[in-house]
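Here is my note on this chain, in numbered points. Please keep the structure open as you read.

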Amino acid sequence: MYWFSRKKKNEPSVAGLILPGGGARNAYQAGVLRAITEILPADAKNPFPVICGTSSGALNAAVLASHAMQFSEGVSQLTGIWENFSCDKVFYSDAWTALKSGLRWGTAFATASLGRSAPRALLDNTPLRGFIESHIRLARIQQAIDSGALRALAVTASTYSSGHSICYFQGTDGLQPWQRTRRLGVAAEISIDHLMASSAIPLVFPAVWLNNEYHGDGSMRESAPLSPALHLGANRLLIIGVRDTTPDDPPAAGENVPYPTIGQITGYMLDSLFMDSLDSDIERMNRINSTISETPDKRVEFKDTTLRPIEFLTISPSKDVREIAQRHATAFPRSVRLLLRTLGALTQEGRPLVSYLLFESGFCRELMELGYLDGLAAEAEIRELLLSE
């Protein structure tokens, strides 16, 4: 599904790409981007001078930013990564590790020791660090900035001690840090620690020590996920979501609704964590655009800022990603299936959690194909956003 807001401006176009988090669902973004490379002219430069990512979206953003001088090559590498993904490239999935994790959590619950001595996370994502080291050349990000192919890369993480949402950005000279209520923009050279911190899903993956405090998934306090791109100079946005826009129907009267399992609750929490703030921010931007369009000069002045209409396009899955995940759930390593079954996640109600953790090639490839087709379906809108002046 896609939705387009047409708001014209008399200023140079600076397109920003927004890649929200979603775990394994972020394979969908690679498919949309592949469609964009086919829609744009063969010799097109990087269409997104500003690239912003959160959680797994931050990993996608870093791959693209490191190839900003050769955008199509970057998308090709990104699709190659997702086509050949597997759970053991993200977290340890062997039987012994799963057994130890289950025993640690079981002991912690049984002995009520869920304090400082409790297990740090459900899964150990140490393999992800090695994967990033071998597949993302972070030094190329500054090269792309120096060449003019990239204006900025932004990666968002959350802090557990100070309770801030921090957007770490690496960009051209002159970009200024910002501060809003519990939201900060901080200039930094993006490192593996920033990417690991941004994708540290609470309870699922361990927190990351960075700048004197522990950081977790950037989606946790990201109340305005579109804001970083605007702070970094973007005035047109492409937002690639990873959840279809059709809400679930409520249970019918008299229907037997089982009590939610831990797996269902965790999946629901992740769904809210990754998606709800993005949907709210898109609604807020649409209201602001509508309000500004009614003013005589199409702008609103404040003491420290000026509000102008922002042209944006949202592309999100046209099919229910959870149903796709359910078809591929047997692809999990046996140890992970056992762990998820214990949590009650391998049921109809547990599909959301499965869809976030199913880093297996079959699921990822089907998501990429869906993203590719959805991207082609939005060809006219993509052309208007990225090619019109």
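Predicted model: local features only at pLDDT ≥ 70, side-chain atom pairs only at ≥ 80, totals over all residues.

1. The chain has 389 residues, and 53% of them count as buried. Its secondary structure comes to 14 helices and 13 strands.

2. Now take one pair of helices. Two packed helices are described by the angle between their axes and the distance between the axes. Helix 10 covers residues 321-328, and helix 13 covers residues 361-377. Their axes come within 9 Å and cross at roughly 150°. Angles over 145 degrees count as roughly antiparallel, and helix 10 and helix 13 are therefore roughly antiparallel to each other. Their crossing is right-handed.

3. Which residues make the contact between these two helices? Helix 10 supplies Val321, Ile324, Ala325, Arg327 and His328. Helix 13 supplies Gly362, Phe363, Glu366, Leu367 and Leu370. By type, the residues of this contact divide into 6 nonpolar, 2 polar and 2 charged.

4. Check the length of helix 13. It has 17 residues, so at 1.5 Å a residue it should span 24 Å. The C-alpha atoms at its ends are 24 Å apart, which agrees.

5. Next, look at what helix 13 hides. Its buried residues are Phe363, Cys364, Leu367, Met368, Leu370, Gly371, Tyr372, Asp374 and Gly375. An α-helix has 3.6 residues a turn, so residues three or four places apart point the same way.

6. What covers the buried residues of helix 13? The cover includes helix 1 (27-39), helix 3 (71-83), helix 10, helix 12 (351-357) and helix 14 (379-387). Strand 13 (311-315) is also part of the cover.

7. Most residues other than glycine have a negative phi. Ser55 is not a glycine, yet its phi is positive, about 55°. Ser55 lies in the loop between strand 3 (50-54) and helix 2 (56-66). Is Ser55 buried or exposed? Its relative accessibility is 0%, so Ser55 counts as buried.

8. Arg182 also has a positive phi, near 55°, and is a residue other than glycine. Arg182 lies in the loop between strand 6 (178-180) and strand 7 (183-187). With a relative accessible area of 42%, Arg182 is partly exposed.

Methods:
Residues numbered from 1 in each chain as written. Heavy atoms only, no water. Axes fitted to C-alpha atoms, helices over the stretch in contact; angles between N-to-C directions. Helix = DSSP H or I, 4+ residues; strand = E, 2+ residues; numbered from the N terminus. Parallel < 35°, antiparallel > 145°, perpendicular 65-115°, else oblique. Left-handed = near helix turned anticlockwise from the far one by under 90°. Contact = heavy atoms within 4.5 Å. Nonpolar A, V, L, I, M, F, W, Y, C, P; charged D, E, K, R; others polar. Expected span 1.5 Å × (residues − 1). Buried < 20%, exposed > 50% of the residue type's maximum accessible area, 1.4 Å probe, protein only.
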